[in-house]
Every structure is written in C-alpha cells, then in structure tokens.
Amino acid sequence: MTRVFITGGASGLGRALAEAYARDGAKVCIGDIHAERCAETLAALSALGAEAHALGCNVTVEADLEAAATWLQANWGGVDLVFNNAGVADAGGIDEMPLADWQWMIDINLLGVVRGCKAFVPMLKRQGSGHLVNIASMAGLIHPPMMSAYNATKAAVVALSETLQAELYPHGIQVSVVCPAFFRTNLAESVRTANADMARLTAKLINKSAIGAEQIAALVKAGVARGDFHVLTHPRERRIWLFKRAVPFPVYAGAMRRQMAKMMAKRPARS
Ligand SMILES: NC(=O)c1ccc[n+]([C@@H]2O[C@H](COP(=O)([O-])OP(=O)(O)OC[C@H]3O[C@@H](n4cnc5c(N)ncnc54)[C@H](O)[C@@H]3O)[C@@H](O)[C@H]2O)c1
C-alpha cells in the first residue's frame, strides 16, 4: 500500500493530493501549521475510508520534518511519496518588499523544501526506493515581474530538484518538480505585500482561476505515476516556457513585457 507524506497538506493542492491518494487506497500523512484545517482534512480523509494521520509540522523547523520522518518510519515502516508542497506568496516591486519578507519566503518556499528532502532522504536511501515531489511553480521557469522573491525561491526549487534527480538516481530515488500556473486555493491568504494593487491582482489570479486544486492534483498524480521530472499542469504556460527556450532572450523578453503591460492594465480597481 502506497504511503504518502504531504507538507502543507491541510489546504489547496496539498489537501487535494491527500484526498486523491486516499481515494486510491493509499495511507496518507499530512503535515501543516493550520491546526483547524488539519483536523478538517483528516476528517475528510477518514470519511474516504483512508488510513490517515495529521502532524503539526512547520517546514521552517528542521526538527518538525525529522519528527515526521520518524513517525512514518515507526508507524508505517517508511514512505513512498514525499510531497514538499507547503508554500506562501508575495506581490510587489523589488523596492517595496522588505528583506524580512524575502527571508520569510526563502525560509518557507526554499528551505522548507530543503528541510523536507534532508529529513526524508536517509530513509529513502535505506529503502532503496521512494519519490520526492517538490512543488515549485511555473514562476520557477518563467519569471513575471512584481513577484521577485516568489520567482527566485521557485527557480531555486527547480534547481534543487534537478540536482537531486541525478544525485539520488543511483539510490533508486525518483525526483519530480511540479510547476503549475495559477489555480484556485487559499494561497492568496498568505500573500505578504505593501502594494495593495498587486495584492488584489494576485488574489484575483488565484481565486478566479478556471482551474481548481482537484484538477491540478489529478494531473500531478498522473505525472508522478509516469515518473515525469517536470510536471507541467498548464498547457499555455508550458508553451511559453518552450518558446522561452527556443528563441533568443530579447524576443522572449519583449513578448513578456507586452503581455505584462496588458495584464497590469486589467488590474482590478480599488474597491
Ligand atoms: N495556487 C496557485 O495558484 C499556485 C500556483 C503555483 C504553485 N503553487 C504552489 O502550490 C503549493 C501549495 O499551495 P496552495 O496554492 O495549495 O496554497 P494553500 O495556501 O491553499 O496551501 C498551502 C498550505 O501550506 C501551509 N503552510 C504555509 N506555511 C507553512 C509552514 N511554514 N509549514 C507547514 N505548512 C505551511 C498552509 O497552512 C496551507 O495549508 C505552494 O508551494 C504554492 O507555491 C500554487
């Protein structure tokens, strides 16, 4: 029976993944800092008939990830799929975002994934099997303006994942990196910004997206089952990434600037 651990598993994509694997009969353990949503998600997983567990787990605390690995080893004899999913968002210009917010973002979005990998890799090496699935973003491959810290952390998660897929291959460990564009979750709640216009735009892009977390979870599950390294869930943004790789950079940069000017012109008005 597949054993799954998911950070940030109490909301959005993490919860949708938890439910999708539970529906397939997997054992699912979620780790999150949101106690109320953890309890709700655990109840939903139990209602699906799954063997499930919820841990208070803050990805900024190395000991919390190590405790999660210890719990999985002690109770389920190991783990098959580790989703480093917990994340937060920003919005605003480089001159608007304080360094403290950069540090907050790096600590969760990048070092949270690093801590998850470090805590679980020794167990996966002993097993000689397992799959690390790091949730980055399309922002890790193409980098829109006014979200520099988010882009930088997600690009670093792509780089970390690419490094580990080669490093861990000889140990029988697979690595995937998931790069979605916007989809509906509670992510807008986490946005730190001093720029109210950008906060509204980010919230609109997330909350009004045509795609929900369940659809993304299904695509992620299929990509992970295939053993894809890049799991790209949004066809339009995938095409933009392929375009970026195929043309000289100034061609891509010009197209990106024109696209961004259009998007900024459509910013939601102040209420
Ligand atoms: N929603 C989108 O449009 C979108 C697009 C691309 C990538 N992503 C990525 O998907 C992942 C999941 O986000 P989501 O959209 O489902 O958002 P969400 O806010 O619905 O879920 C994120 C979860 O992470 C938890 N979390 C936050 N900080 C934590 C910490 N320090 N330790 C443990 N848990 C913590 C939150 O409590 C929450 O339950 C994130 O990495 C995000 O960057 C989201």
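**Notebook: sheet, helices and ligand shell**

I began with strand β2 and looked up the bridge partner of F5, which in β2 is C29. Before going on, I noted that this is a predicted model, in which local features need pLDDT of at least 70 and side-chain atom pairs count only at pLDDT 80 or more, while totals for chains, interfaces and linings use all residues. I also noted that residues are numbered from 1 along each chain as its sequence is written. For the names of the elements, I wrote down that helices (H or I, at least four residues) and strands (E, at least two) are DSSP runs, numbered from the N terminus.

**Entry 1: the sheet**

I then looked up how strand β1 (residues 3–7) is joined to β2, and found 5 bridges, with the two strands running parallel. Two strands are said to pair if DSSP finds at least two bridges between them.

Which residues of β2 are buried, and which way do they point? K27, C29 and G31 point one way, V28, I30 and D32 point the other way, and all are buried. I use buried for a residue with 20 or more other C-beta atoms within 10 Å of its own, exposed for one with 12 or fewer, and partly exposed for one in between, the C-beta atoms being placed from the backbone. Since 6 of the 6 residues of β2 are buried, I could write that β2 is largely enclosed by the rest of the structure.

Strand β5 (residues 131–135) was looked up next, and because 5 of its 5 residues are buried, β5 too is largely enclosed by the rest of the structure. H131, V133 and I135 cover one side of β5, and L132 and N134 the other. Strand β4 (residues 81–84) is joined to β5 by 4 bridges in a parallel run, and F83 stands opposite V133 in β5. β5 and β6 pair in the parallel sense over 5 bridges; in β6, N134 has V177 as its bridge partner, and H131 stands opposite Q174. Strand β6 (residues 174–178) has 4 of its 5 residues buried, so β6 is also largely enclosed by the rest of the structure.

**Entry 2: helix α2**

I checked the length of helix α2 (residues 35–47), which has 13 residues and reaches 18 Å from its first C-alpha to its last, close to the 18 Å expected at 1.5 Å a residue. The expected span is 1.5 Å times one less than the number of residues. Why do the buried residues of α2 line one face of the helix? Among the residues of α2, R37, C38, T41, L42 and L45 are buried. Seen down the axis of α2, the buried residues fall within an arc of 140 degrees (the arc of the directions from the helix axis to the C-beta atoms), so they line one face. An α-helix has 3.6 residues a turn, so residues three or four places apart point the same way. On the other side of α2, E36, A39, A43, S46 and A47 are exposed.

The buried residues of α2 pack against α1, β2 (27–32) and β3 (52–56), where contact means that the C-beta atoms of two residues, placed from the backbone, lie within 7 Å. After α2 comes G49, whose phi is positive, near 85 degrees.

**Entry 3: single residues**

I looked up A20, which has its place in helix α1 and is buried, with 21 other C-beta atoms within 10 Å. Not counting residues up to four places away in sequence, A20 touches A217, A218 and K221. The C-alpha atoms of A20 and L45 are separated by 9.5 Å, although these residues are 25 residues apart along the chain.

L164, in helix α5 (residues 148–168), is partly exposed, with 18 other C-beta atoms within 10 Å. Residues up to four places away in sequence aside, L164 touches C117, L132 and V175.

M146 lies in the loop between β5 and α5, and its phi is near 70 degrees, a positive value in a residue other than glycine.

**Entry 4: the ligand**

How many residues surround the ligand? I found 31, of which the closest are G8, S11, G12, G87 and T185; a residue is near a molecule if its C-beta atom, placed from the backbone, lies within 6 Å of it. The largest share of this shell, 3 residues, comes from helix α1 (residues 12–23).
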